[in-house]
Amino acid sequence: MDLSEITPVAQDYLKAIWSATEWGDPPITTKGLAERMGTTAPSVTDTVKRLAAQGLVQYQPYRPVTLTALGEQYAVAMVRRHRLLETFLVTTLGYAWEEVHEEAERLEHAASEAMIERIDARLGHPTADPHGDPIPTADGDVRHPPGTTRLTEAAPGDYQSIRVSDADPDLLTRLRAQDIAPGTALTVTGHDDDGATTALLDGEPRPVVIPAEDSRAIWVSSSP
């Protein structure tokens, strides 16, 4: 069995299970999968049981769902497809970064492996997508930037934004309007009790207040 032999639904589940823990969050539960996939808990349970029978996940009732080695291999391959397609849509077709997630979700199941590799070569083998998520290599290597933390947890000081979650297109639109993207330099001056962050962006003289919801979606690293 190879990646092309499992259904698009199975591919989506494997990608969701892997992505849930990529940036330090705990393994996802069937309830979490139901919320992410927009379906019911019984439907998720049925699907996860089928994936377990195929040797792709490890499942026990009332416990988080985890991937087997084979399941992780397929999940990373799907993540690679998704992020290369997002990058292609932005850099070559002129999409805004809030527009590409759903497009890539549709295209990743139809694209052949040969097309994905040609896109990778045409783009010059990029290492991160437009949101700052690392693009796995063809052999499945995933390299995350060291020393990253959520903006909500960053002590006062100088940072560079590394990654912005693409889960909410409206959030991405707001951040684009503020010129906050991977690579943006910012100086954190403080946080309020609700988790909002006050920061100076790229040396601007006036600080901005980044709401708690937006701050939680931004990962930063200390400026060199």
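What covers the buried residues of α6? Before we answer, a word on the model: it is predicted, local features need pLDDT of at least 70, side-chain atom pairs count only at pLDDT 80 or more, and totals for chains, interfaces and linings use all residues. Residues are numbered from 1 along each chain as its sequence is written, and side-chain values use heavy atoms, leaving out hydrogens and water.

Helix α6 spans residues 113-122, and I116, I119 and D120 are buried there (under 20% relative accessible area, with exposed meaning over 50%, for a 1.4 Å probe and protein chains only). Helices here are DSSP runs of H or I with at least four residues, and strands are E runs of at least two, numbered from the N terminus. Viewed down the axis of α6, the buried residues fall within an arc of 100 degrees, so they line one face of the helix; the arc is taken from the directions from the helix axis to the C-beta atoms. The cover over these residues includes α4 (69-91). On the face turned away from the buried side sit the exposed R118 and R122. After α6 comes G124, with a positive phi near 80 degrees.

Now let's move to the strands. β5 (residues 185-191) and β6 pair in the antiparallel sense over five bridges, where pairing takes at least two DSSP bridges. T187 has L200 of β6 as its bridge partner. Five residues lie between the two strands of this hairpin, and G195 in the turn has a positive phi of about 100 degrees. β6 also runs antiparallel to β7 (residues 208-210), joined by three bridges, with T198 opposite V209.

Note on methods. Contact = heavy atoms within 4.5 Å.
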